[in-house]
Amino acid sequence: MSLGWDGPCKRGVALSDVRMNRRPLPQHGKPWEPPAPHACACVADMLGDCHARIRYFASLALRLAEGEACPVDAREAAARIRRYFTEAYPLHVADEHDSILPRLRTRVPDCEPLLTRLENEHRCLDTKLPELLAVCEKLESGAEEECAAAVAKLRSLGECVQTLLDAHLTNEESHLFPLIRERLTPEDRDAIRDEFRARRELAMAASHSQQNED
Ligand SMILES: [Fe+2]
Ligand SMILES: [Fe+2]
């Protein structure tokens, strides 16, 4: 799974397409993928790319819940959802917590109520996402009984997670992104991009060394 913005600066699928709720589950062969990330974009666009991926995987979880018991390729889709929310999503949250919010606190002190609200939303999501990961783990097991129970749980949980996520992402796109574009300095944005890249390089290096140990 790519964690960074090191690909070519092109977009295979419009963002509006990604936001559609109904996408086919990945089938054998080449699965549908979220759009290629920006390589040369502004910070808000980079965060927007992450939001497209978050929406994609949240809607994939809902699609999984539409099956009677275990939809086709549920194991593979559940594994991708779990991998995304375990590996890539925490990097996005760290981008906001460690690179964006502290700078906005310095540059725009009167945006504190917004930043506090966004942090609360992150905490709220942090309590729900582990439930989603646990359900995905059960689906990955492929055990028939576990699978049926997991799909049933996913019907309510998937909806809840998607609602929370969508409200949060929309808040950021409506209120946080304009502040990033308008109130941070070019030096801030350069430093933020460097931090985003370094964070992913570190994660990739840790993942490679973990694989070598396994
Ligand atoms: Fe966020
Ligand atoms: Fe975000």
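The largest nonpolar core of this predicted model has 37 residues. Those with the most contacts inside the core are Phe 57, Leu 60, Ala 61, Leu 64, Ala 78, Ile 81 and Leu 139. Five helices each supply at least two residues of this core: H2 (43-64), H3 (74-107), H4 (112-141), H5 (144-183) and H6 (186-213). The largest share, 12 residues, comes from H2. In soluble globular proteins, nonpolar side chains tend to be buried together.

Read from the N terminus, the order of elements is α-α-α-α-α-α. The protein chain has 214 residues, and 24% of them are buried. Contacts between residues at least 6 apart in sequence were also examined, and 80% of them join residues at least 24 apart.

Two of the most connected core residues, Ala 78 and Ile 81, were followed through their contacts. Neighbours up to four places away in sequence are left aside for Ala 78, which then touches Leu 64, Cys 136, Leu 139 and Glu 140. Leu 64 and Leu 139 are themselves among the core residues with the most contacts.

Ile 81 lies in helix H3. Is Ile 81 buried or exposed? With 24 other C-beta atoms within 10 Å, Ile 81 is buried, because 20 or more such atoms are enough for that class. Beyond its neighbours within four places in sequence, Ile 81 is in contact with Phe 57, Leu 60, Ala 61 and Cys 136. Phe 57, Leu 60 and Ala 61 also belong to the set with the most contacts inside the core. Ile 81 and Leu 132 are 51 residues apart in sequence, yet their C-alpha atoms are 9.0 Å apart in space.

Helix packing was examined next, starting with H2 and H3. Their axes come within 10 Å and cross at roughly 150°. The two helices are therefore roughly antiparallel to each other, since the angle is over 145 degrees. H2 passes H3 in a left-handed crossing. On the H2 side, the contact is made by Leu 47, Cys 50, Arg 53, Ile 54, Phe 57, Leu 60, Ala 61 and Leu 64. On the H3 side, the residues are Ala 74, Ala 77, Ala 78, Ile 81, Tyr 84, Phe 85, Ala 88, Tyr 89, His 92 and Asp 95. By class, 15 residues of this contact are nonpolar, one is polar and two are charged.

H2 also packs against H5. Here the axes come within 8 Å, and the crossing angle is roughly 165°. H2 and H5 are therefore roughly antiparallel to each other. Their crossing is left-handed. H2 contributes Val 43, Ala 44, Leu 47, Gly 48, His 51, Ile 54, Arg 55, Ala 58, Ser 59, Ala 61, Leu 62 and Leu 64. H5 contributes Val 151, Leu 154, Gly 158, Glu 159, Val 161, Gln 162, Leu 165, Leu 169, Glu 173, Phe 177, Ile 180 and Arg 181. The contact has 15 nonpolar, five polar and four charged residues.

Ala 44 is partly exposed, with 19 other C-beta atoms within 10 Å; a residue counts as buried at 20 or more. Not counting residues up to four places away in sequence, Ala 44 touches Phe 177, Ile 180 and Arg 181. Ala 44 and Leu 179 are 135 residues apart in sequence and 9.3 Å apart from C-alpha to C-alpha.

The pairing of H3 with H5 was also computed. These helices pack at an angle of about 30°, with their axes 12 Å apart. H3 and H5 are therefore roughly parallel to each other. H3 passes H5 in a left-handed crossing. Ala 74, Ile 100, Leu 104 and Arg 107 of H3 meet Cys 147, Leu 179, Ile 180 and Arg 183 of H5. Six of the contact residues are nonpolar, none is polar and two are charged.

Thr 106 is also placed in helix H3. Thr 106 counts as exposed, with 10 C-beta neighbours inside 10 Å. Thr 106 and Leu 184 are 78 residues apart in sequence, and 9.7 Å separates their C-alpha atoms in space.

Methods
Residues numbered from 1 in each chain as written. Chains lettered and ligands numbered in written order. Predicted model: local features only at pLDDT ≥ 70, side-chain atom pairs only at ≥ 80, totals over all residues. Core = buried A, V, L, I, M, F, W, Y, C linked by C-beta atoms within 7 Å. Buried ≥ 20, exposed ≤ 12 C-beta atoms within 10 Å, placed from the backbone. Helix = DSSP H or I, 4+ residues; strand = E, 2+ residues; numbered from the N terminus. Contact = placed C-beta atoms within 7 Å. Axes fitted to C-alpha atoms, helices over the stretch in contact; angles between N-to-C directions. Parallel < 35°, antiparallel > 145°, perpendicular 65-115°, else oblique. Left-handed = near helix turned anticlockwise from the far one by under 90°. Nonpolar A, V, L, I, M, F, W, Y, C, P; charged D, E, K, R; others polar.
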